Amino acid sequence: MTLKPFVIKNERETATNNPHLAVVDATLITPTSKEVTWSYIKTNVAVGILAMDSDQNVYLKREWRLNQKSFVWELPAGFVEEENPTEEQIRSAANRELQEEVGIKAKTLEKLVTFYPSNHMSMIAHIYLGTNLKESTLEPDEHEYLEVKKLPIREAYQLVTTNQIPTALTLLAFETMLKLR
């Protein structure tokens with residue numbers, strides 16, 4: 001059986017107070033000519049970084065998150081500022097996040113994986129392994145109040161998987177890296 005695509009009749013984007021997010025409602029025509037409405041969250045491209053030093057220690061940050069109403073441990077991560085960014089802009093955003101959130105910069109960034117967190121989001125997320133680290137600090141975003149911890153990779157993995165429900169980005173980064181080792 002050959003599946004036929006849906007036809008997009010119209011899309012309406014509703015801005016939010018967050019410059020990186022919008023809600024899109026779309027009216028679609030199904031292959032059987034039925035009209036339906038679907039919605040998704042539109043976001044900028046995201047980056048996450050598993051920063052590992054030469055002793056196999058990784059850096060985690062602990063930050064308060066509204067959706068969990070608690071502090072959670074996670075990898076440094078954030079959004080790329082540019083729309084439709086180049087690979088260089090994505091890598092630059094990864095290092096900017098490391099500097100803002102952890103106070104380090106990676107000389108080497110190796111892409112581990114690219115994924116969509118959900119079919120209900122347009123976000124594409126890129127996860128990098130950052131190595132050859134050096135101290136380099138940028139001012140954190142005004143809403144970021146962080147605790148930073150450096151731990152052996154397996155201990156860091158245990159922390160984020162046993163003490164909380166981890167974000168998809170953090171879990172996928174650890175799972176990918178531990179399978180490669």
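Reply: Start with the patch rule. Patches are made of residues with over 30% relative accessible area and no salt bridge; like charges are joined within 9 Å, and nonpolar side chains (Val, Leu, Ile, Met, Phe, Trp, Tyr) within 5 Å. Accessible areas come from the Shrake-Rupley method with a 1.4 Å probe, and for residues only the protein chains shown count as cover. A salt bridge is a side-chain nitrogen of Lys or Arg within 4 Å of a carboxyl oxygen of Asp or Glu.

This is a predicted model, in which local features need pLDDT of at least 70 and side-chain atom pairs count only at pLDDT 80 or more, while totals for chains, interfaces and linings use all residues. Residues are numbered from 1 along each chain as its sequence is written, and side-chain values use heavy atoms, with hydrogens and water left out.

Now the patch. Trp64, Leu66 and Phe71 make a nonpolar surface patch of about 330 Å². Trp64 sits in strand 5 (residues 57-65); strands (E, at least two residues) and helices (H or I, at least four) are DSSP runs, numbered from the N terminus. At 43% relative accessible area, Trp64 is partly exposed, a class that lies between buried (under 20%) and exposed (over 50%), with a 1.4 Å probe and protein chains only.

Next, the charges. Side chains of opposite charge can pair when their charged atoms come close. The count here is 15 salt bridges.

Take Glu13 and Lys42. Their side chains form a salt bridge at 3.0 Å, N to O. Glu13 is in strand 1 (residues 7-15) and Lys42 in strand 3 (residues 35-43), so this pair ties together parts 29 residues apart in sequence. Both partners are partly exposed: Glu13 at 48% relative accessibility, Lys42 at 31%.

Arg96 and Glu81 make another salt bridge, at 3.8 Å, N to O. Arg96 belongs to helix 1 (residues 87-101), and Glu81 to the loop between strand 7 (77-79) and helix 1, so the pair ties together parts 15 residues apart in sequence. Glu81 is partly exposed, with a relative accessible area of 49%.

Glu87 and Lys111 also meet in a salt bridge, at 3.1 Å, N to O. This pair links distant parts of the chain: Glu87 is in helix 1 and Lys111 in strand 8 (residues 104-115), 24 residues apart. Glu87 is partly exposed at 34% relative accessibility. Lys111 is partly exposed at 30%.
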